[in-house]
Amino acid sequence: MDAMETQELKDRLALIEQMMHAGRRSTESWGWTFVLWGVAYFIAIGWSALGAAMYAWPVTMTAAGIVTGVVLARRKHKPNTTMSRAMGGIWIALGVSMMTAFPALGISGRLLDPHIFITMACAMLGMANGAAGIVLKWRLQIASACVWWVAGVVACFGSETQALVVFMVAIFFCQIVFGIVCMMAEAKGKKGGSYA
Amino acid sequence: MPELPELNPVVHGKLRLALLSLLSTVDEAEFTWLRGQTGSTDGNLGAQLMKLEEAGYVAVEKKFVQRKPQTLYRMTTEGRAALTEYVQALKQLLGAAIQG
């Protein structure tokens, strides 16, 4: 076998790896959801501070859920992979947990202490990010989970204002900054090539 | 000296190999997605997918989503086995080339 044939075989092997990587990567474009939900949390916090705490969270979260659903439904068909299903499962389970536990606690009148709300939200978000980070072997997302967990613990101590500040700092870094980093990585990864 | 394996000519084609590699990572894929990933033309892509379908490596499903036609492709068990065998043969040939 001459050098040219050997190079051709190496090219074929590289093509297989490149295409498999491209196939897996193409389903990963979720950065915008982190930013959207981060902004939604800030709107809900701000609205609550204006005195409409009763409606701020349910309305904002429902609106963010509708926006997410509409954008996903309008997106071009993207193929499912085992990984994308695993990721989807984690975030859907988080959404269902939050959308059932918090309204139930609120309606029953047992969500009187904001420390409990913040700690529970941080713990749930930490769990989802931790699980996703471990599955994806992504240190940045595991670090994000750690920030949520630490924020959840810290929020238990100190005043309500201090707990809220800790929550907002965690939202800023783990939702807004993390989401922007994801979006930048996704944009960087979308490079084309022709195999025609 | 052990006999070197033959490379499956259906899998060996550059675009067909790219398509099989892509389809091995997903449950099913739309024609337009495959076109976007490979950067190939409609005609060439359709022809290569037909060859893979004739070989039994790819299964096709045509349906309508919101009144728009959608063509979905998925890799068959035979296709997955052929790609696995191809990769093994490729590695064996490369190993022989490095040793030789």
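Biologist: Is Lys137(A) buried or exposed?

Modeller: A residue is called buried if 20 or more other C-beta atoms lie within 10 Å of its own, exposed if 12 or fewer, and partly exposed in between, with C-beta atoms placed from the backbone. Lys137(A) is exposed, because 8 other C-beta atoms lie within 10 Å. The structure is a predicted model, in which local features need pLDDT of at least 70 and side-chain atom pairs count only at pLDDT 80 or more, while totals for chains, interfaces and linings use all residues. Residues are numbered from 1 along each chain as its sequence is written, and chains are lettered from A and ligands numbered from 1 in the order in which they are written.

Biologist: Where is Lys137(A) found, and what is its phi?

Modeller: Helices (H or I, at least four residues) and strands (E, at least two) are DSSP runs, numbered from the N terminus. Lys137(A) belongs to the loop between α4 (114-136) and α5 of chain A. Although Lys137(A) is not a glycine, its phi is positive, about 55 degrees.

Biologist: How does one read the span of α5(A), and where do its buried residues fall?

Modeller: The expected span of a helix is 1.5 Å times one less than its number of residues. With 16 residues, α5(A) reaches 22 Å from its first C-alpha to its last, close to the expected 22 Å. Its buried residues are Gln141(A), Ser144(A), Ala145(A), Trp148(A), Ala151(A) and Gly152(A). Seen down the axis of α5(A), these fall within an arc of 125 degrees, so they line one face of the helix; the arc is that of the directions from the helix axis to the C-beta atoms. An α-helix has 3.6 residues a turn, so residues three or four places apart point the same way.

Biologist: In what order do the three strands of chain B form their sheet?

Modeller: Two strands pair if DSSP finds at least two bridges between them. In chain B the order is β1-β3-β2, an open sheet with antiparallel pairing. β1 (29-30) and β2 (58-65) of chain B stand at the edges with a single partner strand each, so one side of each is left without a neighbour in the sheet. Two bridges join β1(B) to strand β3 (residues 68-75) of chain B in the antiparallel sense, and Ala29(B) stands opposite Tyr73(B) in β3(B).

Biologist: What pattern does chain B follow along the sequence?

Modeller: The pattern is α-α-β-α-α-β-β-α, which comes to five helices and three strands. The C-alpha trace of chain B spans about 60 × 25 × 20 Å along its principal axes, and 32% of the 100 residues of chain B count as buried.
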